[in-house]
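Student: I'd like to go through this structure with you. Can we take it step by step?

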Amino acid sequence: MTKTISGIAASDGIATAKAYLLVQPDLSFEPGKVDDVDGEVAKLKNALDVSDSELTNIRDKAAQSLGEEEAQVFDAHKLILADPEFTGAVEQKVKDDSINAEQALDEVSKQFITIFESMTDNPYMQERAADVRDVSKRVMSHLLGVTLPNPALIDEEVIIVAEDLTPSDTAQLNKKYVLGFVTDIGGRTAHSAIMARSLEIPAIVGTNVVTKEVSEGQTLIIDGNNGDLIVDPTDDDQAKYKKMAADFAAQKAEWEKLKNEVSVTADGKHFDIAANIGTPKDLDGVVANGAEGIGLYRTEFLYMDSPELPDEESQFEAYKAVLEGMNGKPVVVRTMDIGGDKHLPYMPLPEEMNPFLGYRAIRISLDKQDIFRTQLRALLRASAFGKLRIMFPMIATIQEFKDAKAIFEEEKQKLVKEGTKVSDDIQVGMMIEIPAAAVLADQFAKVVDFFSIGTNDLIQYTMAADRGNEHVSYLYQPYNPSILRLIKNVIDASHKEGKWTGMCGEAAGDPVMSPLLVGMGLDEFSMSATSVLKVRSLMKKLDTKELEPLVEKAINESLTNEDNIKLVEEFMKNK
Ligand code: PEP
Ligand code: MG
């Protein structure tokens with residue numbers, strides 16, 4: 001029976017394919033004694049063998065579809081399986097204690113994980129904890145006879161159905177086969193949604209029910225423009241969505257014509273429209289969509305894609321590739337923003353009640369200065385190859401900015417002394433994503449070169465509503481007068497000091513927001529590359545002289561988010 005499941009539209013596009021359920025199976029087990037110890041050892045050996053051949057298969061598929069580097073993690077897993085210190089200890093435990101293999105595996109792997117995690121002075125060994133956890137999970141699944149989902153093995157077109165996708169799950173999706181994804185939880189500005197937009201695949205998040213309502217292999221149509229998922233569509237549905245997909249493609253072709261133009265309003269005012277990227281691989285999309293620069297390079301993905309902390313050389317290569325790829329156009333690189341929903345398997349962070357309010361971003365960089373200094377050195381060296389701007393994430397106090405800037409200056413002086421070529425024209429700015437900084441923007445403006453407003457976080461912190469929690473997603477209110485006042489305060493404050501303000505949160509690419517932001521004089525708009533041409537086309541219809549009264553009304557007369565949606569829609573009607 002056909003049914004429609006609705007969620008939050010997270011990434012545009014329409015696709016049809018079979019469902020692939022990426023649901024973690026229940027790996028709980030009954031601990032207990034066994035009489036037949038030999039039988040139990042045989043069961044264990046069998047699970048180890050099956051895990052090994054499965055890993056070989058996954059490794060080969062991953063190498064083909066994602067590349068050798070991505071496949072290496074599975075080699076590390078195979079080594080653990082072959083390590084007698086680990087698997088031999090499990091076998092010995094079954095024999096010595098006459099316990100079942102599940103319990104022995106669980107106890108031994110916990111011991112190993114604890115030992116590895118405690119090696120705080122040896123990051124390489126610390127990183128092995130995550131590998132042991134993964135390998136144990138795989139062996140446990142075979143002991144229990146349940147199947148672990150293996151996204152790396154997907155070799156036909158599918159739409160992924162999952163409770164949630166972490167940013168690193170999303171990074172592993174092969175766009176050739178994964179035509180879209182739908183999740184139970186998540187919000188529009190969670191990082192998996194942001195990554196879906198840069199992969200240009202449709203996505204729906206926060207449906208609450210999709211993993212319960214959809215079974216493996218069912219035919220799905222995903223409509224990422226409206227947030228609807230059609231399960232077992234009729235022929236009529238198929239025809240209707242085929243037409244919608246064709247209309248969407250035609251609309252995109254129309255926008256394409258603006259690819260080589262600059263972004264100007266009807267009255268000839270120029271605004272920079274830049275793109276957000278997560279890795280140098282995203283450059284293709286940036287160039288294809290004619291962005292006028294990069295307004296946010298989320299460098300944490302470089303750390304997340306690597307099996308260990310990336311060294312100065314590999315970071316330098318990545319930053320240089322982006323700067324050269326942009327051919328002299330500005331590139332704003334944000335220093336590492338780990339924490340919140342972004343984790344590094346090899347750098348376990350303390351368990352926190354509220355990770356988004358915790359140990360994150362610049363707070364980690366100022367604390368673990370060796371990691372921060374390595375990143376800054378790589379950036380400074382790369383600065384000779386293009387127009388680099390650096391910004392710090394999650395700045396809450398002026399002192400944090402000053403401390404981070406002082407470390408930057410120290411590393412710069414060291415490199416200059418060593419005779420390394422470094423640009424003497426690197427602007428250093430900060431993200432405005434914490435309300436404290438937005439309120440005090442006039443003071444911050446005296447010490448920074450620029451601001452970039454991160455609305456994803458600024459809205460979650462101002463409204464006190466977790467950006468990844470679908471139950472409070474109604475509080476993601478970019479047009480709420482409170483948010484608009486903060487944004488205007490920041491832009492005005494920067495201009496008073498002769499500085500500029502960009503926006504790299506998702507609101508920068510939102511068509512309802514565009515007239516308001518142009519009206520406030522935002523200098524740079526940075527968004528998913530796929531939104532650049534849509535906003536450029538919209539900008540052509542705006543006359544800045546008409547926008548001042550619109551902003552005035554939105555900030556001082558409207559009471560709600562909805563008031564402002566109506567206000568802008570009414571305004572745009574005759575354009
Ligand atoms: C933001 O918070 O708006 C932002 C751009 O940063 P991120 O989404 O990576 O937290
Ligand atoms: Mg942020």
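**Around the ligand**

Tutor: The shell around ligand 1 holds four nonpolar, five polar and eight charged residues. Here Ala, Val, Leu, Ile, Met, Phe, Trp, Tyr, Cys and Pro count as nonpolar, Asp, Glu, Lys and Arg as charged, and the others, Gly among them, as polar. The model is predicted: local features need pLDDT of at least 70, side-chain atom pairs need 80 or more, and totals for chains, interfaces and linings use all residues. Residues count from 1 along each chain as written, chains are lettered from A and ligands numbered from 1 in written order, and side-chain values use heavy atoms, without hydrogens and water.

Student: Which residues come nearest to ligand 1?

Tutor: Arg 298, Arg 334, Gly 454, Asn 456 and Arg 467, out of 17 around it. Being near means having a heavy atom within 4 Å.

Student: What does Asn 456 put by an oxygen atom of ligand 1?

Tutor: A backbone N or O atom, 2.8 Å away. That is a polar contact (a pair of N or O atoms within 3.5 Å).

Student: Which element gives the most to the shell?

Tutor: Helix H18, with three residues. Helices (H or I, at least four residues) and strands (E, at least two) are DSSP runs, numbered from the N terminus.

Student: New topic. What stands opposite Arg 298?

Tutor: Arg 334, in E11. Three bridges join E10 to E11, and the two run parallel. Strands pair if DSSP finds at least two bridges between them.

Student: And which strands form the closed barrel?

Tutor: Eight of them, in the order E9-E10-E11-E12-E13-E14-E15-E16, with parallel pairing.

Terms used:
Polar contact = N/O pair within 3.5 Å; in protein donor to acceptor, adjacent residues only side chain to side chain.
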